[in-house]
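Please examine the structure below with attention to its confidence and its helix packing.

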Amino acid sequence: MKDFPTLRFLDLFRWMFTKQGIDYKLLRKILQVKLTMDGRRVPTVFNQSNKKQKDDNNRFIKSLWIYALYGLFLVPFMLMGDSYLFQMSITFGVLMFIIMTSMISDFSSVLLDVRDRNILHTKPLDKRTISLAKTLHVCIYLFFLTAAIAAIPLVVSLFAHGPLFFLLFLVEIILMDFLIVVITAILYFTILRFFDGEKLKDIINYVQIGLSIGLAVGYQFVARSFELVDFGVAFSPAWWQFLIPPVWFGGPFQLFLQGEGGPYIIAFTVLTFVIPIIALFIYAKMMPSFERNLQKLSSHSGKEKKTAQRYLNWEAAFFCRNGEERAFYRFARSMIKTERDFKLKVYPSLGFSLIFPFIFIFNQLQMDSFDSIRESKWFLSLYFTMLMIPNVLMMVKYSGKHKASWIYRTAPVGQLRSIYTGTIKAVMVRLFLPVYVVISLIFVFLFGIRIIEDVVIIFLSSIVYITIGFSMIKGTLPFSRSFEAAQDSEGWKLVPYFLLNGVFVGIHFLALLFNYGSFIYLAILLILAPVLWKFSFKTDWEELR
């Protein structure tokens, strides 16, 4: 097996692991196997890619340039002046937002991995060593992720503010990563203590929606901690800022580099250095218990209730027009419900779709009254609910059970179109429609019944959006590719679809500028949406990759 540079670097600290009673040779071997498996391409049934990959070709490492682009957004905060508390609070807010959401969507499956238990835990091996190997496995990828995002801002900070600023920034980034890992693990540990089986998996997914919403809202609170005074930034201390970690990480810069103290700044500094270390010790103590509780993930709840099955049959009959489409509708609904990796990657985007339509309205409330907003066109922020659609459509190609996709070839499928339409209807009814209906009802309450036709317009626009987005999965059968393939850098493919969403907003806004413009636009969509749906899903078996 390949001797990874990461492992050679880890060898420098062998004495430290040995001193703690860790079997370093075993630790290194487990990590070597895990890193080797991470780099291997899992073949898919229909040979979706014609490019040959080397066994050690790690897709995650090759995709880090995308995260490096995120780091460019932090450069202006490194250059904006010497309001260190403001600059670094916003910087760490962005860093924690990106890294935490990546932990939720990508690394939870690693942290909650139970596949090696049957091999390692049945052997006379040191359990602490096995637990540490899993922790280091997550930390290695967290290091590469953080380094990709923070490398450019770190270099800029060195030239803009000097070596002391650079070193403090580097130390705090390491402490921030400790805090993120521990918060994620403690959260899952708490859930594992009280729930088991399928119920646990559902709760984890709901928690991830809550975390996504909490991160987005928390980022808004970071900005609310400051206000502009005479074109400068003034800090407005408040008790609730102790609940916002990014504000903590701005405190040491203000205290050590600018010499500005005060009770709040000193408290933030203490929290920055003390809480991550304490959390790390707590994590080390609870890790064995965490590993024992992980076996609950392998348990399953009982049989599906007959009433739920009858409802699913009625739902399929209501939304689907023929037997084939209904069969794949039920199949897709079942996959969405049971595919934990799918939910780990998709559910965070549902959280963003729930909160983003309101964030811009809340920001506008800082400048306008509620009555003026109620009469405005801010209801167009409802289009943000559509941002989940490209991500969901892209993820619907993947499955942890992708090798079973041979069933598509053996099933007596008359029309390949039914596979796609049934699957897309199930995904939209299960994931998009509940979010859209809830937010639409809230918007109608906020803006009045005058926006009902606009709500219908946005829903019809989402149907058009879905039919256009189908191009992302055309040629690939649903749930037929490995999630390892999803680690390849496909995020850039979503950018045109996000921009297309802006086009829909622009057209709708222009329609509102004319008398009866919205009704004319509604009539056009009532014709366009069914026509596109009818003709957009035609494909042949020969087109499959």
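Q: Which element of the chain has the highest mean pLDDT?
A: In this predicted model, pLDDT is the predictor's confidence in each residue, from 0 to 100. Helices (H or I, at least four residues) and strands (E, at least two) are DSSP runs, numbered from the N terminus. The lowest mean among the elements, 48, belongs to strand β1 (residues 226-229), and the highest, 92, to helix α21 (residues 452-469).

Q: How many contacts beyond near neighbours in sequence does the stretch of residues 41-56 have in the model?
A: The pLDDT over residues 41-56 is below 50. Where pLDDT is low, the predicted coordinates should not be read in detail. With contact meaning heavy atoms within 4.5 Å, the number for this stretch is 28.

Q: What is the orientation of α9 relative to α10?
A: Helix α9 (residues 127-161) and helix α10 (residues 163-194) pack at about 160°, with axes 9 Å apart; axes are lines fitted to C-alpha atoms, for helices over the stretch in contact, and angles run from 0 to 180 degrees between N-to-C directions. Angles under 35 degrees count as roughly parallel, over 145 as roughly antiparallel, 65 to 115 as roughly perpendicular and the rest as oblique. Therefore α9 is, relative to α10, roughly antiparallel.

Q: What is the orientation of α23 relative to α24?
A: Helix α23 (residues 495-512) and helix α24 (residues 517-535) pack at about 135°, with axes 7 Å apart. The two helices α23 and α24 are therefore oblique.

Terms used. Residues numbered from 1 in each chain as written. Predicted model: local features only at pLDDT ≥ 70, side-chain atom pairs only at ≥ 80, totals over all residues. Heavy atoms only, no water.
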